Amino acid sequence: MTHLRTLSGAVAAAALTATLLTGCGSGSGADAAALPDGWGTLDTKSLSVGYPEDDGYAEQPAAERSKHNAAVALKEEGGLRTGMVSVQLHFATGVDDAEEAATAAGAVIGIGATRRDSSDVRLGGEDSARQARRIDYEFTSSGEERTPENGTRMTGVMVAGVDSKGVPFLVRINAVKGSLSEDELDTFVESITVK
(Lines give C-alpha, C1' and ligand atoms only; values in the text may rest on other atoms or scores of the structure.)
Protein backbone atom coordinates (compact mmCIF):
# COMPACT_ATOMS: atom_id res chain seq x y z
CA MET A 1 0.00 0.00 0.00
CA THR A 2 2.89 2.36 0.78
CA HIS A 3 4.35 1.67 -2.68
CA LEU A 4 0.99 2.52 -4.29
CA ARG A 5 0.74 5.81 -2.34
CA THR A 6 4.29 6.74 -3.38
CA LEU A 7 3.53 5.94 -7.02
CA SER A 8 0.30 7.95 -7.05
CA GLY A 9 2.12 10.83 -5.32
CA ALA A 10 4.81 10.76 -8.03
CA VAL A 11 2.15 10.77 -10.77
CA ALA A 12 0.37 13.71 -9.13
CA ALA A 13 3.67 15.61 -8.82
CA ALA A 14 4.47 14.93 -12.48
CA ALA A 15 1.01 16.15 -13.53
CA LEU A 16 1.42 19.32 -11.44
CA THR A 17 4.86 19.95 -12.95
CA ALA A 18 3.48 19.50 -16.47
CA THR A 19 0.64 21.92 -15.70
CA LEU A 20 3.05 24.52 -14.35
CA LEU A 21 5.39 24.19 -17.32
CA THR A 22 2.65 24.51 -19.92
CA GLY A 23 1.30 27.51 -18.04
CA CYS A 24 4.58 29.38 -18.50
CA GLY A 25 5.16 31.75 -21.39
CA SER A 26 4.30 35.27 -22.38
CA GLY A 27 0.59 34.68 -22.76
CA SER A 28 -2.15 32.60 -24.25
CA GLY A 29 -1.02 30.88 -27.42
CA ALA A 30 2.62 32.02 -27.07
CA ASP A 31 4.79 29.74 -29.17
CA ALA A 32 8.42 30.84 -29.48
CA ALA A 33 10.28 30.21 -32.73
CA ALA A 34 13.15 27.72 -32.59
CA LEU A 35 16.66 28.89 -33.38
CA PRO A 36 19.29 26.80 -35.17
CA ASP A 37 22.50 25.92 -33.31
CA GLY A 38 25.04 28.72 -33.46
CA TRP A 39 22.45 31.50 -33.67
CA GLY A 40 22.10 34.47 -31.32
CA THR A 41 19.02 36.58 -30.66
CA LEU A 42 18.17 40.25 -31.06
CA ASP A 43 15.59 40.93 -28.36
CA THR A 44 13.31 43.99 -28.38
CA LYS A 45 10.09 45.01 -26.60
CA SER A 46 7.98 43.82 -29.56
CA LEU A 47 9.83 40.78 -30.89
CA SER A 48 12.99 38.73 -31.03
CA VAL A 49 14.78 37.59 -34.20
CA GLY A 50 17.70 35.26 -34.68
CA TYR A 51 21.00 35.82 -36.46
CA PRO A 52 23.84 33.37 -37.30
CA GLU A 53 26.68 34.16 -34.91
CA ASP A 54 28.66 31.24 -36.29
CA ASP A 55 28.53 32.88 -39.74
CA GLY A 56 30.09 36.13 -38.55
CA TYR A 57 27.03 38.17 -37.57
CA ALA A 58 27.40 40.17 -34.33
CA GLU A 59 25.02 42.46 -32.45
CA GLN A 60 25.75 46.14 -32.99
CA PRO A 61 26.09 48.16 -29.76
CA ALA A 62 23.22 50.59 -29.13
CA ALA A 63 25.60 53.58 -29.23
CA GLU A 64 26.64 52.71 -32.81
CA ARG A 65 23.30 51.94 -34.43
CA SER A 66 20.84 54.34 -36.04
CA LYS A 67 18.26 55.84 -33.66
CA HIS A 68 15.56 54.32 -35.89
CA ASN A 69 16.67 50.76 -35.09
CA ALA A 70 15.74 48.95 -31.89
CA ALA A 71 18.33 46.23 -32.59
CA VAL A 72 20.86 45.34 -35.30
CA ALA A 73 23.21 42.44 -36.07
CA LEU A 74 25.90 42.97 -38.72
CA LYS A 75 28.21 40.78 -40.73
CA GLU A 76 31.42 42.58 -41.64
CA GLU A 77 34.00 41.36 -44.13
CA GLY A 78 37.09 43.33 -45.10
CA GLY A 79 35.71 46.36 -43.25
CA LEU A 80 32.44 46.29 -45.23
CA ARG A 81 28.94 45.49 -43.95
CA THR A 82 27.98 42.56 -46.15
CA GLY A 83 24.98 41.41 -44.11
CA MET A 84 22.51 42.99 -41.70
CA VAL A 85 19.47 42.10 -39.63
CA SER A 86 17.63 45.07 -38.16
CA VAL A 87 14.45 45.67 -36.16
CA GLN A 88 12.48 48.91 -36.32
CA LEU A 89 9.55 49.58 -33.98
CA HIS A 90 6.92 52.31 -34.39
CA PHE A 91 8.22 52.66 -37.98
CA ALA A 92 4.83 53.94 -39.24
CA THR A 93 1.78 55.72 -37.86
CA GLY A 94 -1.88 54.82 -38.32
CA VAL A 95 -1.04 51.12 -38.78
CA ASP A 96 -3.40 48.59 -37.20
CA ASP A 97 -2.63 45.25 -38.87
CA ALA A 98 -0.03 43.30 -40.87
CA GLU A 99 -1.42 44.41 -44.24
CA GLU A 100 -1.17 48.10 -43.33
CA ALA A 101 2.32 47.51 -41.90
CA ALA A 102 3.38 45.84 -45.17
CA THR A 103 2.04 48.77 -47.19
CA ALA A 104 4.07 51.18 -45.05
CA ALA A 105 7.14 48.91 -45.32
CA GLY A 106 6.83 48.76 -49.10
CA ALA A 107 7.13 52.52 -49.21
CA VAL A 108 10.59 52.39 -47.60
CA ILE A 109 12.13 49.85 -49.97
CA GLY A 110 13.63 52.66 -51.99
CA ILE A 111 13.92 53.91 -55.53
CA GLY A 112 15.70 51.48 -57.81
CA ALA A 113 14.75 48.41 -55.77
CA THR A 114 13.05 45.49 -57.50
CA ARG A 115 10.28 43.73 -55.60
CA ARG A 116 10.51 39.97 -56.20
CA ASP A 117 7.71 38.52 -54.10
CA SER A 118 5.26 39.21 -51.29
CA SER A 119 3.54 36.66 -49.08
CA ASP A 120 1.70 36.21 -45.79
CA VAL A 121 3.72 34.53 -43.04
CA ARG A 122 2.81 33.24 -39.60
CA LEU A 123 5.43 34.01 -36.96
CA GLY A 124 6.11 32.48 -33.56
CA GLY A 125 4.74 34.17 -30.47
CA GLU A 126 1.48 35.71 -29.36
CA ASP A 127 -1.54 34.49 -31.35
CA SER A 128 -2.92 38.00 -31.75
CA ALA A 129 0.31 39.20 -33.42
CA ARG A 130 1.57 36.21 -35.41
CA GLN A 131 0.19 37.30 -38.78
CA ALA A 132 2.78 39.25 -40.79
CA ARG A 133 3.73 40.04 -44.37
CA ARG A 134 7.03 39.15 -46.04
CA ILE A 135 8.41 41.22 -48.92
CA ASP A 136 11.39 39.93 -50.93
CA TYR A 137 13.31 42.44 -53.03
CA GLU A 138 16.68 43.30 -54.56
CA PHE A 139 18.55 46.59 -54.65
CA THR A 140 21.92 48.06 -55.54
CA SER A 141 24.41 49.04 -52.86
CA SER A 142 25.36 52.71 -52.75
CA GLY A 143 28.81 52.01 -51.38
CA GLU A 144 28.17 54.50 -48.57
CA GLU A 145 28.59 53.93 -44.82
CA ARG A 146 30.85 50.90 -45.26
CA THR A 147 28.35 49.04 -47.46
CA PRO A 148 29.64 46.95 -50.40
CA GLU A 149 31.03 48.72 -53.45
CA ASN A 150 28.64 50.95 -55.39
CA GLY A 151 26.72 48.81 -57.89
CA THR A 152 26.86 45.57 -55.87
CA ARG A 153 23.52 43.76 -56.05
CA MET A 154 21.94 43.05 -52.69
CA THR A 155 19.15 40.75 -51.51
CA GLY A 156 16.54 42.11 -49.14
CA VAL A 157 13.70 40.62 -47.10
CA MET A 158 11.33 42.66 -44.95
CA VAL A 159 8.82 41.23 -42.48
CA ALA A 160 6.18 43.69 -41.30
CA GLY A 161 3.44 43.31 -38.74
CA VAL A 162 1.93 44.61 -35.51
CA ASP A 163 2.78 43.23 -32.05
CA SER A 164 0.20 42.27 -29.39
CA LYS A 165 0.18 45.83 -28.01
CA GLY A 166 -0.49 47.40 -31.43
CA VAL A 167 3.10 48.50 -32.13
CA PRO A 168 4.06 48.20 -35.82
CA PHE A 169 7.37 46.43 -36.43
CA LEU A 170 9.68 45.94 -39.39
CA VAL A 171 12.41 43.30 -39.54
CA ARG A 172 14.85 43.80 -42.40
CA ILE A 173 17.44 41.30 -43.67
CA ASN A 174 19.97 42.56 -46.23
CA ALA A 175 22.95 40.72 -47.69
CA VAL A 176 25.14 40.62 -50.78
CA LYS A 177 23.13 38.78 -53.45
CA GLY A 178 24.02 35.10 -53.54
CA SER A 179 25.58 35.05 -50.06
CA LEU A 180 22.38 33.68 -48.49
CA SER A 181 20.35 30.83 -49.94
CA GLU A 182 16.53 30.89 -50.02
CA ASP A 183 16.55 28.38 -47.14
CA GLU A 184 18.79 30.68 -45.08
CA LEU A 185 16.52 33.66 -45.74
CA ASP A 186 13.55 31.50 -44.67
CA THR A 187 15.40 30.61 -41.45
CA PHE A 188 15.76 34.30 -40.55
CA VAL A 189 12.01 34.78 -41.00
CA GLU A 190 11.18 31.60 -39.10
CA SER A 191 13.34 32.76 -36.16
CA ILE A 192 11.03 35.72 -35.40
CA THR A 193 8.94 35.55 -32.20
CA VAL A 194 6.42 38.37 -31.68
CA LYS A 195 5.48 39.50 -28.17
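Q131 is partly exposed, with a relative accessible area of 38%, and this residue belongs to strand β8, which covers residues 131-140. The structure described here is a predicted model.

**Around Q131**

- When its neighbours within four places in sequence are left aside, Q131 is in contact with A98, D120, V121, R122 and G161.
- Q131 and V194 are 63 residues apart along the chain, and yet their C-alpha atoms are separated by 9.5 Å.

**The nonpolar cores**

- The largest nonpolar core has 28 residues, and among these V85, L123, V159 and V171 touch the most other members.
- Two or more residues of this core come from each of the strands β1 (39-43), β2 (47-52), β4 (71-77), β5 (80-89), β9 (153-162) and β10 (168-176), and also from α3.
- The largest share of the core is supplied by β10, which gives 4 residues.
- L123, which is one of the residues that touch the most other members of this core, is in contact with R130, A132, V159, F169, V189, I192 and V194, leaving aside neighbours within four places in sequence.
- Another core, of 15 residues, lies apart from the largest one, and its members include A92, M158, A160 and V162.

**The largest pocket**

- The largest pocket holds about 710 Å³ of space.
- Its lining is made up of 27 residues, and of these M84, F139, E145, T147 and N174 lie nearest the centre of the pocket.
- Strands β4, β5, β8 and β10 each supply at least two residues of this lining, and the largest share, 6 residues, comes from β5.

**Residues in loops**

- As background for two of these residues, most residues other than glycine have a negative phi.
- E145, which is among the lining residues nearest the centre of the largest pocket, has a positive phi near 50° although E145 is a residue other than glycine.
- E145 is found in the loop between β8 and β9, where this residue is exposed, with a relative accessible area of 67%.
- H90 is not a glycine either, and its phi is likewise positive, at about 55°.
- The place of H90 is in the loop between β5 and α2 (98-106), and at 58% relative accessibility H90 counts as exposed.
- T44 lies in the loop between β1 and β2, and T44 counts as buried because its relative accessibility is 7%, where buried means under 20%.
- Not counting residues up to four places away in sequence, T44 touches A70, A71, V87, L89 and K195.

Notes: Residues are numbered from 1 along each chain as its sequence is written. This is a predicted model: local features need pLDDT of at least 70, side-chain atom pairs count only at pLDDT 80 or more; totals for chains, interfaces and linings use all residues. Side-chain values use heavy atoms; hydrogens and water are left out. A nonpolar core is a set of buried Ala, Val, Leu, Ile, Met, Phe, Trp, Tyr and Cys residues joined through side-chain atoms within 4.5 Å. Buried means under 20% relative accessible area, exposed over 50%, partly exposed in between (1.4 Å probe, protein chains only). Contact means heavy atoms within 4.5 Å. On a 1 Å grid over the protein atoms alone, a cavity is a set of points where a 1.4 Å probe fits but cannot get out, and a pocket is an open set with protein on both sides within 12 Å along at least five of seven lines; lining residues have an atom within 4 Å of a point. Grid points are joined across faces, edges and corners, and a volume is the space filled by probe spheres set on the points.
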